[in-house]
Amino acid sequence: GGLIRMKDPADPTVIHSYPFKTEFKAARPAIVVSPDKMNVFYVGIDNPVSISVPGIAAEDLQPSMSGGSISGSRGKYMVKVGNNMVGKEVVVNVSARTKNGTKSMGQGIKFRVKRVPNPIPTVYGKRGTDNIKAGEVQFIKGVVPVMDNFEFELKFPVMSFNVSMNVNGVDVTEATNGPQLSPKQSSLIKKAKKGTKIYFENVKVQKPGGTVEDIGNVILKIG
């Protein structure tokens with residue numbers, strides 16, 4: 001509260017007094033840590049987050065975290081977490097520079113940590129068990145992993161895969177490293193006849209974080 005005193009415009013010798021009183025509530029600043037693309041942090045990639053505290057300038061924020069690393073400035077940051085944190089929680093904490101020094105902005109925000117989902121192997125744009133025309137077999141170049149409905153655009157290097165096929169009653173398998181068909185694999189699939197099934201198996205890719213995983217098979221039947 002307080003008192004406002006002012007001279008009367010008509011008679012400066014007269015002083016008018018206006019007492020006032022009001023109430024308000026003061027709340028501790030609330031931390032807002034918003035993941036830009038997901039509600040978890042994924043291993044091995046840059047996870048973008050936006051951080052703000054009402055009433056605090058973005059340049060005065062000083063975020064930190066347990067279980068990972070955070071970098072950036074002025075409200076926009078990137079979070080990285082390692083394989084050792086899969087299935088656990090990490091905590092993003094926020095402090096701010098004030099006229100009285102650095103001050104914590106409250107309890108940190110918890111996030112779950114997951115591995116990036118496995119991609120799906122495709123061959124000539126086909127996946128799972130599918131049909132392919134005999135004339136299209138010559139255009140098969142290799143295996144391409146794709147992601148469905150995922151927030152990030154990621155590439156998964158193909159480390160190896162096998163091609164298997166029955167040739168004149170004998171099961172033949174040819175292996176290769178990398179995403180492209182080897183000369184032996186190309187030669188094998190050229191022997192495919194109508195009704196033959198070509199198996200692209202044990203497709204292994206390297207995921208963010210460095211792990212190598214088998215992502216499944218593609219079976220193409222010559223129609």
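Colleague: Which strand does Ser164 lie in?
Modeller: Ser164 is part of strand E15, residues 158–167; strands are DSSP runs of E with at least two residues, numbered from the N terminus. This is a predicted model, where local features need pLDDT of at least 70 and side-chain atom pairs count only at pLDDT 80 or more, while totals for chains, interfaces and linings use all residues. Residues are numbered from 1 along each chain as its sequence is written, and side-chain values use heavy atoms, with hydrogens and water left out.

Colleague: Is Ser164 buried or exposed?
Modeller: Ser164 is buried, at a relative accessible area of 9%. Buried means under 20% relative accessible area, with a 1.4 Å probe and protein chains only.

Colleague: Which residues does Ser164 touch?
Modeller: Leaving out residues up to four places away in sequence, Ser164 touches Val172, Thr173, Lys197, Ile198, Tyr199 and Glu201. Contact means heavy atoms within 4.5 Å.

Colleague: And which side chains make a polar contact with the side chain of Ser164?
Modeller: That of Thr173, at 2.9 Å, and that of Glu201, at 3.0 Å. A polar contact is a pair of N or O atoms within 3.5 Å; within protein, one must be able to donate a hydrogen and the other to accept it, and residues adjacent in sequence count only if both atoms are side-chain atoms.

Colleague: Switching to the whole protein chain, what does the C-alpha trace span?
Modeller: About 120 × 40 × 20 Å along its principal axes.

Colleague: How many of the residues are buried?
Modeller: Buried residues account for 32% of the 223 in the protein chain.

Technical notes: Helices (H or I, at least four residues) and strands (E, at least two) are DSSP runs, numbered from the N terminus. Buried means under 20% relative accessible area, exposed over 50%, partly exposed in between (1.4 Å probe, protein chains only).
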